[in-house]
Amino acid sequence: MDVERIVGWLGRWASGRGPLYLLLAIRLRALIDDGLLPPGSALPPDRVLARRLAVGRGTVVAAYDLLQQEGRLIRRQGSGTRVAEAELPATRAADGVSNPLLLHVLDPPDGVTLLTCAAPIEPPPELIEAYQEAIARLSRVRHDIGYHPAGYPDLRRALAQYYSRRGLPTGPDQILVTNGGQQAISLITALLVAPGDTVRIESPTYPSAIEIFRDAGALLSPCDLAEAHDRGVLSPREPEVGKPALAYVIPTAHNPTGLIMPPLARRRLAGWAAGADVPVIDDEVPAELCFDGEIPLPLAAYAKGEQLITVASLSKLIWGGIRVGWIRAATPVISRLARLRAIHDLGGDVLAQLAAVALLRDLDEIRQARVATLKHRHDHLRTQLAALLPTWSHQPALGGQTLWVRLPRGDAGAFAQLTARHGVAVPPGPSFDPAGEHVDHLRLPFVHPEAELTDSVTRLAAAWAEYDGTRRRASLHPLVV
């Protein structure tokens, strides 16, 4: 591709904060994700682009290497640097099968079963009842303009009581209500992470967290998930330069594996955060979905101070359409986050927050019913996989909504292209790995009814029978939740 065109698209790429190579990688990543640099596009040689941008060759090499690590670029001796092939075509196919490439949430495809999203597929009756109660309460509100950047007071009190009942004494001033768990992670990242900072993160992990940290210009430092969950140790795969600015973990009903971190490992991890003075996000969004009915203590219950920050929401237990999440942290942290949120957002939907108060009151009954349904569907999916795809391997989940499945051969990204033509969309392992690894894994949710799960596994089996074992690193992955 013409170097002048690329330079024009890059614009004022060096005007932000942070190392130049990282700023360049961020801008090139955006050009790839937006489709301006389509799969297969040849990028200028590093010396040529460096000369045109008036930077050292090492800046371009480092940017290219970072994007290669993410799976967005392919660099080969003799053939230069190219944008990696996408795992699915970028347009709607003639047969009506749509592309889940970054579009499953933005533009849901027709005629495709979406196994990319792990969330309740319809609102439960309890949500309707909660809104009816909230409307009645709203009619009695007086002398309130409705702007509450830290959250509606009634909900902050209800959430403080929720954590206190779980064994983590909490006051309303330690709660910030957000528009879902993702806004919670974004706010914490905006407060604590500057471009060029390191974020230590489990691998595999929640894909949207990866994108939030990348969007902030962070350097991602993956650590082994098994070591984190078994021992409570976040040892980076590669040496880091300096102390991480933030760490992110999902210790309860982990997404995508369904693991639950033991109490001793939690204590060690909390102790490390406090001793190293590294803030840790404890993502508890799926925590209510433990199959044994016991919800472990949050990490913040094991250490005092400002380092342990808990994030949660109602999206996995109730429904994604109720945009109510929250942050539980030390009061000074909540105060700083509330000021930051007020700059961009004067508060969430009060009606939804009043509905959340009613839902929290009946949370035990709602959780029992939801967990029973998920456990049954989990067992059904495992039975279907054993019958139709016996060479695929996985461990039973201890909670959550997904199985982490390993393929015996080939590349999950390449296989995902084939499954789409069979009418089922699956997210491949590299979507869950900040380094683009786990190429032999898929995440399969069990949120759908049994008949749909049976049909999906049948389609996956048909695609597997056709799959020739092609291996290809994918550059663009589905937007998955």
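**Figure 1. Salt bridges across the predicted model.** A search of the whole structure finds 21 salt bridges, a salt bridge being a side-chain nitrogen of Lys or Arg within 4 Å of a carboxyl oxygen of Asp or Glu. Side chains of opposite charge can pair when their charged atoms come close. The model is predicted, and local features need pLDDT of at least 70, side-chain atom pairs count only at pLDDT 80 or more, and totals for chains, interfaces and linings use all residues. Residues are numbered from 1 along each chain as its sequence is written, and side-chain values use heavy atoms, with hydrogens and water left out.

**Figure 2. The salt bridge between aspartate 345 and arginine 341**. The N to O distance is 3.1 Å. Aspartate 345 is buried at 17% relative accessibility (buried means under 20% relative accessible area, exposed over 50%, partly exposed in between; 1.4 Å probe, protein chains only). Arginine 341 is also buried, at 1%.

**Figure 3. The salt bridge between aspartate 364 and arginine 367**. The closest N and O atoms of this pair lie 2.8 Å apart. Both residues belong to helix α13 (residues 363–388), where a spacing of three residues separates them by about one helical turn; helices (H or I, at least four residues) are DSSP runs, numbered from the N terminus. Aspartate 364 is partly exposed at 42%, whereas arginine 367 is buried at 13%.

**Figure 4. The salt bridge between aspartate 379 and lysine 375**. The side chains meet at 3.0 Å, N to O. In helix α13 the two residues are four apart, or about one helical turn. Aspartate 379 is partly exposed at 32%, and lysine 375 is partly exposed at 31%.
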